[in-house]
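Colleague: I have a new model open and would like to learn how to read the places where its parts meet. Could you walk me through it?

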Amino acid sequence: MAAPPRSLRLVSLRTPRFRVYAAKAETVNKVMEIVKQQLALGADAAAAVTPESKFTDLGADSLDTVEIVMALEEEFNITVEEDNAQNITTIQEAADLIDKLVA
Amino acid sequence: MYMDLLSPSERKTALSMNGEKLQKGAVLSRALVRTTLSRYTDCKVDPRSFEFKKNKFGKPEILWQSDDSRMEWPLHFNISHTSSLIACGITMDTPIGIDIEEKTRKPAKNILSLARRYFTPSEVDYLAKIPDPDAQHKEFIKLWTLKEAYVKALGRGFSGAPFNKFSIVLVAKNGIRISVAPKVLKDSDSSCDCLSENWQFALAELNSSHYMAICIEDDLRSSDSGNGRLPLGLKVWKTVPFLEDTLVSGSEAVTLIS
């Protein structure tokens, strides 16, 4: 499926009524890999991870979360401010923010 | 069954955890909070009856129904978990934050990089001066739990009390102090989200396996720590809800660090 045009991407991030998967699939996959690695998920747990998975549901505590944020900052060469970091609760949300910051 | 104590939404949350171990941990955590709170009402309130709400920053609190026939207790609580231990801290009348961490928890990132990214310059200096990597690692975990405990006590979330805006200073013999960057304190707007320094801390080692940090609001009457009492009037029990309850403070299971 083709990526939606840039202007649509920004609109979708502001309108909560409908979800358009704004982040590139590649970003989502990279985030998933980083999260699975940080949390050292076993095969079964890793298989159950989806973009909607909440970090806390995957067993991440606050130290895991900051390490995930640091790993994402390094991987994508971005800086995540504290208030943005606090609002990232799922893999999809992390990927959305990354694509917004990288754009 | 612990599951029976939980509210429908707590059950739903517990079951949405990834995997049986995390689900059981979530159920146990709620069971621990409910049974412990109940006991602090002299068992007048059934564990099942408690209702909870979140403050505007997401910190969980007890929701007392305004029903004249029931007493309210000024109970505050806070929870922390690791994969092997769940801690629930309870106070009367004062906000509390608690954080536990496995001593051997090895961050994936280098300690000093984590500290540089998240801690204050003086905390980074403190850690950088420790030559032994194991000792440095332990101090990092101690600082982490103390900072977490403060943020959780304040109840404003990670972004409401950014780690790099306050320093925890471990002073030999009796002291854990918090020091807030002067710019933040001098803000004279009374409605500002200033970080306050009137908080007391305790740090202990549990079972030689975990560090536990507790933070409560400073009660000026008891700020004299010279009379040999446990800091903060802290007592610790090892509990399995309904099955076991052993006072462990004062035994080797709980070693006060400060």
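Modeller: Let us go through the contacts inside one chain and then those between chains. Please keep in mind that this is a predicted model.

Colleague: Into which domains is chain B divided?

Modeller: Chain B has domain 1, covering 3-74, and domain 2, covering 97-256.

Colleague: How many residues of each domain of chain B are in contact?

Modeller: Domain 1 of chain B brings 10 residues, and they touch 10 residues of domain 2. Another way to read such a contact is by buried area. Between these two domains of chain B, about 730 Å² is buried, with 63% of that area coming from carbon and sulfur atoms. On the domain 1 side, B:R39, B:F57 and B:K59 account for 53% of the area buried against domain 2, more than any other three residues.

Colleague: What is the count of salt bridges between domain 1 and domain 2 of chain B?

Modeller: For a salt bridge, look for a side-chain nitrogen of Lys or Arg within 4 Å of a carboxyl oxygen of Asp or Glu. Here the count between the two domains of chain B is 1. You can find a salt bridge where the side chains of B:R39 and B:D245 meet, at 2.6 Å from N to O. The side of domain 1 that touches domain 2 is made up of 6 nonpolar, 2 polar and 2 charged residues.

Colleague: Now for the chains. How many residues does each chain give to the contact between chain B and chain A?

Modeller: Chain B gives 21 residues and chain A gives 24. About 1900 Å² is buried between these chains, and carbon and sulfur atoms give 53% of it. Within chain B, the residues that lose the most area to chain A are B:N18, B:K109 and B:R117, together 30% of what that side buries.

Colleague: How many salt bridges does the rule find across the interface of chain B and chain A?

Modeller: The rule finds 4. A salt bridge joins A:D61 to B:R105, whose closest N and O atoms are 2.8 Å apart.

Colleague: Which elements of chain B give two or more residues to the side that touches chain A?

Modeller: They are α3 (111-118) and α5 (133-154) of chain B. The largest share, 4 residues, comes from α3(B). By class, this side of chain B has 10 nonpolar, 6 polar and 5 charged residues.

Terms used
Residues are numbered from 1 along each chain as its sequence is written. Chains are lettered from A and ligands numbered from 1 in the order in which they are written. This is a predicted model: local features need pLDDT of at least 70, side-chain atom pairs count only at pLDDT 80 or more; totals for chains, interfaces and linings use all residues. Side-chain values use heavy atoms; hydrogens and water are left out. Domain bounds come from an automatic or database domain assignment. Contact means heavy atoms within 4.5 Å. Buried area is the accessible area (1.4 Å probe) that two parts lose on being put together, summed over both. Ala, Val, Leu, Ile, Met, Phe, Trp, Tyr, Cys and Pro count as nonpolar, Asp, Glu, Lys and Arg as charged, and the others, Gly among them, as polar.
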